[in-house]
Each structure stands twice: as structure tokens, then as C-alpha cells.
Amino acid sequence: MSEPTSVNTPKPSSSVKLVLLGEAAVGKSSLVLRFVNNDFQENKEPTIGAAFLTQKCSLPTRTIKFEIWDTAGQERFASLAPMYYRNAQAALVVYDVTKPSSLTKAKHWVAELQRQASPGIVIALVGNKLDLTNDGSGDIQTDAERESAEGDDVGNNQEEQEDSIPGDARKVSTREASTYAEEEGLLFFETSAKTGLNVVDVFTAIANAIPESSLKSGRGAGAGTGQTTLGGGRSTDDSRVNLGDRGAATAKEGCAC
Amino acid sequence: MESLSDTQWDVTISGTGIAQSLLALALSRSGKKVLHVDKSPYYGGPEAALSLQEAEEWVTKVNQETSQYPFEDATIFLPSPSEPNSGLSSRAYTLSLSPQLIYSRSELLPTLVSSKVYRQLEFQAVGSWWIHKPTTGRDKDLYRVPSSREDVFADDFISMKSKRTLMRFLRNLSQSQANQESAEEEKSALEEALTKSLSEYLTTKFQVTPELYDPLLSLSLSQSSPQRTVASYAVPRIQRHLTSIGLFGPGFGSVLVKWGGGSEISQVGCRALAVGGGVYVLNSGVESLNQGEQDTKNSRVQLRLISGETITTKYVVGSDWDLPVLSQSPCDHDRVSRSITIVSSSLDDLFPVTAEGGPIPAGAVVVFPALSLGLADELPPVYIFVHSSETAECPSGESVLYGSVSIPGQQGQSLIEGAIGKLLQSSAGPDARVLWSLRYTQLGRAVDGDTRPANVVSGNVIRFPPPSLDLSFDDSIIDLVKDAWNVVMDNEASPEEFMSFTDRESYDDEE
């Protein structure tokens, strides 16, 4: 039914809807900002409303275009998340390694996703703010980092920090989170949006974990597993209509490609 | 935590149906404080898209809380009721309550483009129109409706005589579009002819043979028979069909939105407002409404939400199903039978690529004239919109059939059921069967082409008219949204600002 793709065509490109979930102030928006703009803002204001960003991730065989939905700011009504995780092919569930309650919240989100989201959704559990721990401090930053530890999450962290080893604000062990991630079949990373540590790796790992079938049929595994080749080489791009083509199409009556 | 009642809201929108969500989009950069609520736990209102599990809950709600939804008599049909879930995975399905197709010439598309949200939607082509025509000696009962001159030449089904008259009619349509300024007397003769029925118009004006009535009617998506459809309604719609083809690519003239149709458009509108600072609360509609003194310029409306909170707002916007009922009796609604059916066949033959270089269609339209279902020919036709798994509404190897006929109740449902049986017989393998089906009556407003619907504005309360029952996106919705937008902007915004936004971030447009 469809023509074989010619040899010279660029790498296939697929869009992946990714939803970002997690307790307030764990650094969700900062992670995305680091990934999309390679930037970090100290004392970032809480996200108002919600945000939508895109970023491409190039793999050897294809390009993944992430459409990132940041639910930030509206968790209090829990009313945006249902819209965001519907049809999402990937989810980033973020907690703060210095704040145990944020891991509890993250587990709730994972359970919610497993109950409500598309079957086959790729979920990554991400412990952020690694720069506040001894593991993450590395040689990159020292003083500035300490400042941000205090500037971030005013009120929440301060008591906890007082009884921890100086310089290490970690309250959630890597082992605890990674064991949980393994049990639930999640990708797992610890990151620092501030230093950029592991941030790109998270998105690359997600891109690699999205099954080819889900890119083609759009929908995750579900009942159709193993049958995705029935369409005879159909891919998302074959059926997609580009509204941006309108000008060209009217000018020469069709032939938009 | 700041509570909702601490804010003096400028606008409260109740319900997340398409009109309200497009209004949300229109207000997303207005700087207004907007609260957007919905009584349901999902987005989309009467245009929602549902998983199987959600569909079951929806059926219960619709039947229990009658008059709270523009739907009635919802039932789920299972081929083997002994196994309730039939082994289907609930979330592998996104079944749309609004499978309307969108013509390339619809005002909706430029609106989605100028407001920049089109980037977040995926559009797919609706390719062929098929008409059921039982014949002897042919293996196929479905016949592809020719919708371009090339199609007519290539057609091997209709007679030469019919071809000539059809070409004449098609030529006339394209000319009347190109040459609007015809002579005065010619014009009035044309207008007079248009008051006739479509069948009479086609015969007297173009000597079109009766075998073409149904195919031409199908291109107008008229929900009445050719004898009962006024030419002034059908002809411009046939014209719209023909002039839409090729606009966004070869071989198709209408599109559908991947992941659930109108529901996706609703959600994109709501997201835009959320990004712009609007606050969203699901599971909480407007319980009661107190308008206070109406005449003062700065009067505010007090709303009690189902969640128990009381808020004040300058304006409140919703439909009759999202706001407390008016004291006067609600106006009569039109009713149609609809059904959503999952079948165990990909029905590949219905989705041929319709022109060289064209996309693989994800949607097809199959029309069953009443006569083909063994009924009197003045009864309305049954329309079945077929969506392939490419729409992401079902797993691959299956397809979703959206049936509609403008006869409510049991009679309408059995017509749709009969049509689906015939469709499977002629287009699917012998093993193809119905896996699951949702049947319901939908209330709304029939589109007659003459009367332009209007919002009901009473003080600071704006009510959208009932949803359109058109099978294609009804452009009057955009006018209604614009009217409502004008009111809540206190008539201060200039019309060209409506839905005209710049991208929130830079895009490279090479893709």
C-alpha cells in the first residue's frame, strides 16, 4: 500500500508526549530547562499554570521530538495531570533526594500512572538536586551550590539539613529509590538540574526505551502487541497531515511533500 | 493553600466542551483571571474521548442523571455478555464522543494555526467516501463516491450518461465559485432552484440521474434523504467538499484529529489557558448561581461550586448542561442515534491512498442510504465514520466505527446495527466481528444552514446554545466563541486580536 522509503530520506522523526510529575519544588521545571535550553535559574519562581516545551533527541536510527508537559503549579487541584498523562508515551516522575516526602509523593504518581495512563508508558523515576549531596557536588561548584541549597525550598529543608552531615543533605538513599524503581520496572536516575549531571542521559534513556511499535501505532503495547507490522510499513509520518503546508498546497494544487 | 474564593475571578468557564475550551484558548493571553471548572473528572464534556472503563462510568451517569448531559439512553453492547470485559484492555481505546471530520476549508483550522496550538495536534486525512449499493454479480457492495473529475473518469460503476451529467454538475459548481458575479436574472433563477429538494434540483437543473442522488448527498453529509434535503443546504456543502480537496495535500479534503477528535482540541485549548495562568478544577461544576442586582455595571455573579466553595466572578460562561437550569422550560432539542463500535478488523480496503503522493487516510466515510437497508427511500441515511488504528483510538488490527442516523431511539439503533453488519460483510474477512459497542441518543441542534445560532446572554451569564449535531465541525461554534469572548473582554478587544497569538517559544519550521 505504501511506497518503500527512499534511501536518501532523513532519519524518521517521531513525537513523544512526555509528562512531568512530582511534588512542588523538586525541580521539575529546572530539569526541563536544563534539557531544553541547557540553562539553570537560581531560586526559580514556581511555575505558574503549566508549561509546554519541545526538544529533539537524536538517536542513531531516529529522531525523537519530546513534547514536554509540565503540570507545575496546579497540583493543588490535581486537575491538569489527568489531561497530561492521557496519551502520554513517557513520564518523568521527579523527587528531591533531600526530601523523603517527595519520594512518597512520587510513588503515588507512579501508581496513578500505572492505573490511568496508556498501557506501555515509559516511566522514569528521577531523584533531583544531587548537587546538594556529596555524590553530586563533584568539582563543578561549591559555594554557589550551598547558597542554592538554602535558597531552594525555603523552610522545608532547613531543619533537615541541620542534623545531616555538613555538605550532604541527602535524605533518600540511592539504594532505596533504585530498589523501588527496579520493582516497578521504572528507569532510574539521580540528577542535578543545577550542574546538568545526568539530565540529558535521562531523556536519552527514555527515548531509547520507547518501543518502536508505540512510535508507529502511537499507542503503547496494549492489545495490539506484535501486530504492529500489519499496516505494511505504515509509520506515524505516513498519515500525518501538516497544516503548515496550506500555502504550498494551494499554490500548486496539492503535492505538499 | 490559597482557596478559590480568595480570588476575584474575571471569568468563570463551566464545562470543558469544545466551545468552552476554545473560549479558554481565546482568553489564554488576556491577562484575565480565569477559573475553568468541569463537573466531570475528565476533559471534553460532550466532546470527550473515553477509555472502555470511562465509557462504562459515562453510561451510568448519563442514565442516572438524566437532563444533566446532552445524551440519553446509553447502553453498552457486548457480543458475549457472559464475559464482561471481553478481554479488551480498557486503556488501549480512546473512543470519541465527537468524531466530526474537519473540512480543510473550515474556519477552525486557521483559528488553530493563528493561535499556534495546531503544533500540539496531529491531523490525519479522511480519504474516501463509500456508499452502500447492493448489487448482483459484484463482489463488493461498497462503491467509492467519485469526488473529482479524475475520479469520475476513472469510475467504472456509473453509466456514461450519468458521468456526463455529473461532470456538468461538478463543472457548474467550480464555475459558480470562480465566477461569483453572474448576471442578476441568472442569480435569482439559481436561488429559486435552490429552494427545491436536492433530488429535484439535480434533475431539473442538470438532468442528473437518480442513481447519483445518494452519492452526491453523501458529500454534503446531510442527515436527511435527498428528497428531504433542501438544495440550498446541500449544494454549498457539496461545493465545500470538492473545493477542500487538495488544500493540505493531494487526495483528501478533510481531516480528523488523532487521539480522540474534539477531545484533543478541547484539551489543547485548556492547556493553553493553564499555561497562561488559568486555574483548572475538575469534578466541580457550578451548583447554583446568584446574579444579584443585574443593572449595575460592576455587578458580580456569585457561584456555588459542587465542591462546596463559593466564589464571585464577573462573568460566567457555560452551556445549559454546565450551568443551573433556567427557570423557563428548556427549548426542544433535536435528537440523533449514535453508536461507537469496535470491530476486530483493520478494514484496510476502506483506506486506499486517494492520490499520488497523498497520505494514508486514517478515516473513511461509509454511507447507507435508507433504501440500501431495505427501508423507504425518504428515510435518512446512516453514516458510519470508520477510523483506523492510526488514529490511536484502538489497537492495530482493529478499527472503530462511529455510526449516526437522525432517527432517535431503538429504530435508529437497529438501522446503525444493520449498516455495521453490512459493512463488515462487504469489507472485512469472514472472522471480523463486533467486539464492543456503545449506543446512545445525542441531543443538540440540527444544522439547517439558515439560522445562525446565538449565545443567550443574561446580565453577566453567557450560555452557549446546544452542541451542533453536524457530522463535520460546525464553524458557527467559532462565531459563538468569538461573541462570548467579546462580551467577557467588555468589548474592549479589537476583533483581529481574537485567537491571534505568537509562539510562546521559538520553533524551527523545517519539519
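User: What share of the contacts in chain A with a separation of 6 or more comes from residues 24 or more positions apart?

Analyst: That's 70%, where a contact is two residues whose C-beta atoms, placed from the backbone, lie within 7 Å. Bear in mind that this is a predicted model, where local features need pLDDT of at least 70, side-chain atom pairs count only at pLDDT 80 or more, and totals for chains, interfaces and linings use all residues. Residues are numbered from 1 along each chain as its sequence is written, while chains are lettered from A and ligands numbered from 1 in the order in which they are written.

User: What is the mean pLDDT of chain A?

Analyst: pLDDT is the predictor's confidence in each residue, from 0 to 100. Chain A has a mean of 72, with 63% of its residues at 70 or more. Over residues 1-7 of chain A, though, pLDDT stays under 50.

User: Why are H1(B) and H12(B) called oblique to each other?

Analyst: Their axes cross at roughly 50 degrees and come within 9 Å. Angles under 35 degrees count as roughly parallel, over 145 as roughly antiparallel, 65 to 115 as roughly perpendicular and the rest as oblique. H1(B) and H12(B) are therefore oblique.

User: Which residues of H1(B) meet H12(B)?

Analyst: Ile18(B), Ala19(B), Leu22(B), Leu23(B) and Ala26(B) do, and among their partners in H12(B) are Leu480(B) and Trp485(B). The contact's residues divide into 10 nonpolar, no polar and no charged, with Ala, Val, Leu, Ile, Met, Phe, Trp, Tyr, Cys and Pro counted as nonpolar, Asp, Glu, Lys and Arg as charged, and the others, Gly among them, as polar.

How values were computed: Axes are lines fitted to C-alpha atoms, for helices over the stretch in contact, and angles run from 0 to 180 degrees between N-to-C directions. Helices (H or I, at least four residues) and strands (E, at least two) are DSSP runs, numbered from the N terminus.
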